[in-house]
Amino acid sequence: MNRVPSPLPASFSHSSPRYDSVDALRGLAMVWMTVFHFCFDLSHLGFWPQDFRGDPVWTLQRTAIVSLFLFCAGLGQAIALQQGQGWRRFGRRWLQIAGCALLVSAGSFVMFPRSFIYFGVLHGMAVMLLIARGTAGWGRWLWLAGLVAVALPPLAQQLLTSAWSEAAPWFNGRALNWLGLVSRKPFTEDYVPVLPWLGVLWWGLAAGQWAMAAGARAGGAPFARLPGAFQPLALLGRWSLSYYMLHQPVMIGLLMAVAWMTTKG
């Protein structure tokens, strides 16, 4: 099962102004992710069986949620760089994400030893953020780079199932499948390889840079003001990593308790 995503780094310093609309967009992705995970948990525990691997109702939602998260990650990097975030601040946040990725791997191994998460959204984000940081100076070329990143996996799949079929076992193996150039997806609970997802993050970075430049030229804010009714979403978006790490253990724990009481009853 390829489950959904994770948190995006609120990557600028606390002393810098935040953009509530970006935080709210991240918060919206988290609410959507929570509903998705709740449905998955219901299915996993037998309350509401669903085909999360093959049913487009679920697979397309997962793609949309991961895309929204990574696009917001790109926006966050554009804001952080425009506000002068240094490598030290970036490094602290990166270590938090990488550390949480290791915890996700350990926790998923306990629950799903045959399909544990070894390169999920946090693992992918840790790699992609480093790449985004190093390529932020590409400017408008980020749009084209994103397009290439999105186009490469289907091209690789076509080649690995035809002319390059002898190389398929190498690219499908765990040592290289984190790149995303595979002929088939691995059996794991969450799989967010560098390609094509780096392309979405690059597009978010390019869009953020464009918005910041447009705002500076117009002498106003780069992002629209957020209506007060959406402030709870913005608050949720600011605490994305903590919320991501806690929401599934809490939901699964509660549902397991309900399942146990139902069995006892």
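Colleague: Why is Pro 196 called partly exposed?

Modeller: Its relative accessibility is 24%, and since buried means under 20% relative accessible area and exposed means over 50% (1.4 Å probe, protein chains only), with partly exposed in between, Pro 196 counts as partly exposed. This is a predicted model, in which local features need pLDDT of at least 70 and side-chain atom pairs count only at pLDDT 80 or more, while totals for chains, interfaces and linings use all residues. Residues are numbered from 1 along each chain as its sequence is written, and side-chain values use heavy atoms, with hydrogens and water left out.

Colleague: Which residues is Pro 196 in contact with, leaving aside its neighbours within four places in sequence?

Modeller: They are Ala 149, Val 150 and Pro 153, where contact means heavy atoms within 4.5 Å.

Colleague: What makes α2 oblique to α4?

Modeller: The axes of helix α2 (residues 56–82) and helix α4 (residues 121–135), which are lines fitted to C-alpha atoms over the stretch in contact, with angles running from 0 to 180 degrees between N-to-C directions, cross at roughly 40°. Angles under 35 degrees count as roughly parallel, over 145 as roughly antiparallel, 65 to 115 as roughly perpendicular and the rest as oblique, so α2 is oblique to α4. The contact is made by Leu 70, Ala 73, Gln 77 and Leu 81 of α2 together with Met 125, Met 128, Leu 129 and Arg 133 of α4.

Colleague: Why does the span of helix α3 agree with its 25 residues?

Modeller: The expected span is 1.5 Å times one less than the number of residues, which for α3 (residues 87–111) gives 36 Å, and its end C-alpha atoms are 36 Å apart, so the two agree.

Note on methods. Helices (H or I, at least four residues) and strands (E, at least two) are DSSP runs, numbered from the N terminus.
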